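Have your viewer ready and a selection tool at hand. This tour goes from stop to stop, saying what to select and what you will find there.

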Amino acid sequence: MTANSNRFSTYTTASVGTGSDGKKDDQKRDMWSSMLDTVASGKRLPEKNLLVLGGSVDSQREFLEALSSNDVRRNPDRNHHKVPPIANSFALGYTYYNVLDADQEDILARISLYLLTSPAPSFASLLKPLLTPQSIPNTLIVILLDWSQPWQWMRQLQEWLLLLRTVIMSLSIECKETMEESMISWRDRGRTGGSVNLDGTGAVAAEGDVALPLGPGEWEDALGLPLCVVCQNSERIDYLEKTQAWKEEKFDLVLQYLRTVLLRHGASLIYTSPSMTSPLQTLIHASLGIRSLLKRAPLKANVIDRDKIVVPPNWDSWGKVRVLRDGFDVETVSEGWAIDLDQPFPMEKPNGMNGASYDVNKDTSEMGEPEGSAVALYEEQVQDSSLDALQLAQGNRDTNKLEYPSVDTQAFLASQLERLELQKKADDKAGKENSFAQGVTDDMISDHIGPVQFNMGGIQVDADDMVQRLKVCSFFSDSLPGVSKQAIDR
């Protein structure tokens, strides 16, 4: 009994001691957990979003390669990093890439790219979940255009912006308030004399710099999200100059249109080419608020080199657009763009086509275009001159049509029969005229030359008379076998 009691007291004492040690272990574990959480939160990557709209599957891949052209993509084995796949073949595509610092060691941020090639209204439901109060301040919209078809740019921009407006109007009140706050801060970013740089850091104003107020036409149609327009394959500018006889005035006109309409949205503009380096990385990363801790690349505007255009946000103005080329009506184009964005979506295609172009010889009201439309004005001044005369005469400017209506076989043969009969009558008439002309010509030659005579044994013989005598002789010799030639001659 004593042994049992001792055993019981020993167990109780041990139990008490174990509980004390357990509390110390829990305290140590909580301390380590808090330290690990602190370190993990410090290394958590900033998440940025890019909505890439427009272009084709291949052009979107080229854009991503130009944007993430660092040592990790050039050498995938470095630091055991794997290049993520690009899934953009169907509907809404997705991929991502990590932004590395200048030393290619530290990761500054991770950018998620959502890719869409068609402005179909059915895709609006795919974009809506991407815009939340948490993601809106870290989201940038990129619209891709291509120099292979610059005459379609204004219409493409119109369709994408109308789709974005449809998505934004369907968002919650909280999202719209976040967008409004974001746009208020964006109006001052990168502005001359402002207190905030384009990447969101504080700016040190130089002596004499004064923050400029908003000018006419600036930020009049803010989308709620920052916008950047990328015009790819600018090397085709030389091709347009050689094959379609484009002059400097035409290239300046295209640039003036783009700068005027983008000024209403506070958007940026850049021309890129795979064969040339461009500040695309700097512009996109700065617009997303990503900045290097080791090296800060300057971003300068360039509106002189026609294939290296760079227009940062909050840099442009109506005055700078006018300086590029005299005679451009900035007010009319800006007001016309406001009319174009006030149209219902989806838009009615002119002449039942895909909206790529329209007949410039018809009135815009007949084509479904509103009066004063900047899109109609642009497509009238910037046309695809490679179209042949027949297409221009018929007003068929849709070179992308894959199907054409067929004609009934019997109707086609009937029309061909009528053509053949008309052609036969024309040939018969031409033949009669030719035979009459030939007879007239022979008579004229005979009258001009006269009778043909030759000397036979000292006697002048008429050739025509001799031929006639031979014909008569031959006739009688065949019909009267018993009559000799001498008798006929007598």
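**Stop 1: a starting residue**

Select Glu 177, which lies in helix 6, the helix of residues 173–186. Keep in mind as you look that this is a predicted model. Is Glu 177 buried, exposed or partly exposed? Its relative accessibility is 46%, so Glu 177 counts as partly exposed.

**Stop 2: the whole chain**

Zoom out and show the cartoon. The protein chain has 16 helices and nine strands. Of its 490 residues, 36% count as buried. Among contacts with a separation of 6 or more, 71% are between residues 24 or more positions apart.

**Stop 3**

Next, look for the open sheet, where seven strands follow the order 2-3-1-4-5-6-7 with mixed pairing. Strand 2 (93–100) and strand 7 (310–311) are at its edges; each has a single partner strand, so one side of each lacks a neighbour in the sheet.

Begin at the strand 2 edge. Strand 2 and strand 3 run antiparallel and are joined by eight bridges. Pick Asn 98 and you will find its bridge partner, Arg 110, in strand 3. Although strand 2 stands at an edge, six of its eight residues are buried, so strand 2 is largely enclosed by the rest of the structure.

Select Ile 270 to see its bridge partner in strand 7, Val 310. Helix 8 (residues 248–263) packs on the sheet, where it touches strands 4, 5, 6 and 7, and its direction makes about 155° with that of strand 6.

Then select helix 2, residues 57–67. Helix 2 lies across strands 1, 2, 3, 4 and 5, and runs at about 145° to strand 1.

**Stop 4: the nonpolar cores**

In soluble globular proteins, nonpolar side chains tend to be buried together. The largest nonpolar core has 63 residues; which of them touch the most other members? They are Ile 143, Trp 147 and Leu 269. Helix 5 (residues 153–169) gives the most to this core, with ten residues.

Centre on Ile 143. Leaving out residues up to four places away in sequence, Ile 143 touches Leu 53, Leu 157, Trp 160, Leu 161, Leu 227, Cys 228, Val 229 and Val 230. Apart from this core lies another, of 30 residues, and Ile 86, Ala 109, Ile 270 and Leu 283 are among them.

**Stop 5: helix 9**

Select residues 280–287, which make up helix 9. Six of these eight residues are buried, so helix 9 is largely enclosed by the rest of the structure. The buried ones are Leu 280, Leu 283, Ile 284, His 285, Ala 286 and Ser 287. Following helix 9 comes Gly 289, with a positive phi near 80°.

**Stop 6: a pair of helices**

Finish with helix 11 (residues 330–340) and helix 12 (residues 374–381), whose axes come within 7 Å and cross at roughly 120°. The two helices are therefore oblique to each other. On the helix 11 side, show Val 333, Gly 336, Trp 337 and Asp 340; they meet Ala 374, Val 375 and Leu 377 in helix 12. Colour this contact by class and you will see five nonpolar residues, one polar and one charged.

Key. Residues are numbered from 1 along each chain as its sequence is written. This is a predicted model: local features need pLDDT of at least 70, side-chain atom pairs count only at pLDDT 80 or more; totals for chains, interfaces and linings use all residues. Side-chain values use heavy atoms; hydrogens and water are left out. Helices (H or I, at least four residues) and strands (E, at least two) are DSSP runs, numbered from the N terminus. Buried means under 20% relative accessible area, exposed over 50%, partly exposed in between (1.4 Å probe, protein chains only). Two strands pair if DSSP finds at least two bridges between them. Contact means heavy atoms within 4.5 Å. Axes are lines fitted to C-alpha atoms, for helices over the stretch in contact, and angles run from 0 to 180 degrees between N-to-C directions. A nonpolar core is a set of buried Ala, Val, Leu, Ile, Met, Phe, Trp, Tyr and Cys residues joined through side-chain atoms within 4.5 Å. Angles under 35 degrees count as roughly parallel, over 145 as roughly antiparallel, 65 to 115 as roughly perpendicular and the rest as oblique. Ala, Val, Leu, Ile, Met, Phe, Trp, Tyr, Cys and Pro count as nonpolar, Asp, Glu, Lys and Arg as charged, and the others, Gly among them, as polar.
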